[in-house]
Amino acid sequence: MNQPLCPGAFRALTFALASLLLSVTASAQLTVVSVQPAINASNVLPNADVVVTFDRAIAASALPPSTDDLKVFGKSTGPAAGAWSLGPGGLSARFTPAVPFAAGEVVQLGISHDLVALDGSALRSAGFHSEFRVRTRPTTMTFSQGDVLNVRSPNGSGVRVYGGQASDLNDDGAVDLAIINQDTSDVRVFLNRADGTGSFDPFLTPPSGTGDTPSPNESCDMNGDGLMDIVTGDKFGDTVSVLLGRGDGTFEPSVQYSMGDLPRGLAVFDMDGDGDSDVISANANSSNLSIRLNNGDGTLGPRTTFNGGGSAEWGLASGDMNNDGIMDFVVGAQSSRRLIAWLGDGDGTFTQAGVLNGAGRIWMVVLGDVNGDGNLDVATSNGVDATGTIALGDGSGGLSMQQVQSTGGLVVATDLGDLDGDGDLDWIMSAFSGGAWTMHMNGGGGTFTTETTFIASQNPACALLFDFDGDQDLDIALLDEIADEVVLWENTCPATNFCPATSNSTGLAAVVSYTGSCSVAENDLSLQVGPMPDGFGFFFYGQSTQPGTPVGDGVLCLGSQLFRSAPAVATGNLLTTPFDLASPPVPGATILSGSTWSFQLVFRDLLGGGAGFNFSNGLQLTFL
């Protein structure tokens, strides 16, 4: 016969069951259910929030700035500033960036295995990592040559430019240039003037030293201080150099760590789930890979070495090849002509996955989703083969050949970026002895055709694809290894100046320029004119021009059927006005994609030649 429990025994049993339930719950694992943007997403808005959803609640105290268990990092913009907030029920964490990410940059989300849920359960030991790529605005692919940056010292001695990073090194919101130089074993930083012109100051002196003959390089935050750092692979020093940034474009003295014999490939990412950046190198002469894990303060721990799966491991790049939230890498073995994918185990070790034979004598490897299926693909430059390779990833670590693209000379670099803003990645290869950079446009499925060739002064080293003028499209910096120069090509609208302006009461002619883009869909065009007297002016605009006709104190070169913009006021000898393409003053003034329009400003000029008004020059734009 069952006996009823006395109250004390019932309370004891209840407590025991509750303790058991709590123990079982606490022993379970905190799991990331989803992330937005998704792993390896493309064309993400530059101001997009990053959202992580969990299978159980976390506390507000688990979020930054209380902890550093969640981090967002832009490869161009650096450690991201912004606010973390907790979602309903504590089941999600949202990061809202304080400033937009840079066009075309890869943004990384890192979650440490130290993150703990409210019930005491921890994230898996591997942590969680996700990357996405920021969209670029549509362009007409009109490139205008800008500044040519001299990387040599005043005495003119050669430095042998060999690579570079496009990174915001002084945290002013503009992307700077850090140029890696082999012969002088240093890094030379050109700070962006951050004025929207795409201009850079001369490099900072003295340069920052590295180990012997730096070659591959990566941007990162090695010590978690929120400042951009750089790691180089030093091929004749058999080392990597860690340069910790000071936040002003300069670095602390570099520290070298021995790796393998002739490190030609380099990747920096979290390999063991603790939330900081570790280092791996591909060592060509010793035909192996070397790893050093971060101690958490930017110093590196003991070296481990393993066989990379080929002969003369050369190119190396990291990314999530199987979309499991753990970082992997792909290595190119030059002598054995092999491309090998290694999947991360999350504890600093890796398991070999896909192998693609016959990939070429690989010099450099980059990763990106070229066919839009959400899986990372591989682009290589194949050195003396004078080719580049596109290999498609299948989302599980497997690789298959897509295309071999021929070009002239020793192909030493390969770079991916959406140059025309159509949503897929385009491809630039740098041919050292061929004396040219070749641009190959993506047809939409990861198949490329040659579009443009940029001729080098002497011999190309590589190309950096980044937004250096802040207008949300990709510009190009072309690095010449022998000329020791960086040639800047700005991605602009098709624009033509016509009808030279007469001088005004400032003593100079008023010149029209523009900011934003000529994309009708983006509708962010702004016209500015200067120098001119303070006062008001407005634009005449139309689709026809004529020989200059004297009007007032200036010359009018627009033809018939003119339209007039709203008046704007000039201050400080400069007039700036947004030009709203979506709301024309009359229907006939609607600016359509594919059309060409001409603009001239008429402005008040009481101290000019007597008529009291004058004209700027003319600017003609073709709209996308």
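User: A polar contact is a pair of N or O atoms within 3.5 Å; within protein, one must be able to donate a hydrogen and the other to accept it, and residues adjacent in sequence count only if both atoms are side-chain atoms. At what distance does the backbone nitrogen of Gly 224 lie from a polar atom of the Asp 221 side chain?

Analyst: This is a predicted model, in which local features need pLDDT of at least 70 and side-chain atom pairs count only at pLDDT 80 or more, while totals for chains, interfaces and linings use all residues. Residues are numbered from 1 along each chain as its sequence is written, and side-chain values use heavy atoms, with hydrogens and water left out. The side chain of Asp 221 has a polar atom 3.0 Å from the backbone nitrogen of Gly 226. For the backbone nitrogen of Gly 224, the distance to a polar atom of that side chain is 3.1 Å.

User: Why is the pair of Phe 190 and Phe 203 classed as it is?

Analyst: A search of the whole structure finds 23 aromatic pairs, for which ring centres must lie within 6.5 Å and planes over 60 degrees apart count as edge-to-face. Phe 190 is in strand β13 and Phe 203 in the loop between β13 and β14, 13 residues apart, and both are buried. Their ring centres are 5.7 Å apart and their planes at 75°, so the pair is edge-to-face.

User: How many residues apart in sequence are the parts tied together by Phe 539 and Phe 579?

Analyst: These two rings have centres 6.4 Å apart and planes at 80°, so they form an edge-to-face pair. Phe 539 and Phe 579 are buried, and ring pairs link them into a cluster with residues including Tyr 541 and Trp 597. Because Phe 539 lies in strand β41 and Phe 579 in the loop between β46 and β47, the separation of the parts they tie together is 40 residues.

User: What is the relative accessibility of Phe 536?

Analyst: Phe 536 is placed in strand β41. Setting aside neighbours within four places in sequence, Phe 536 is in contact (heavy atoms within 4.5 Å) with Pro 567, Ala 568, Val 569, Phe 603 and Arg 604. Phe 536 counts as partly exposed because its relative accessibility is 38%.

Conventions:
Phe/Tyr/Trp six-rings, centres within 6.5 Å; stacked < 30°, edge-to-face > 60°. Helix = DSSP H or I, 4+ residues; strand = E, 2+ residues; numbered from the N terminus. Buried < 20%, exposed > 50% of the residue type's maximum accessible area, 1.4 Å probe, protein only.
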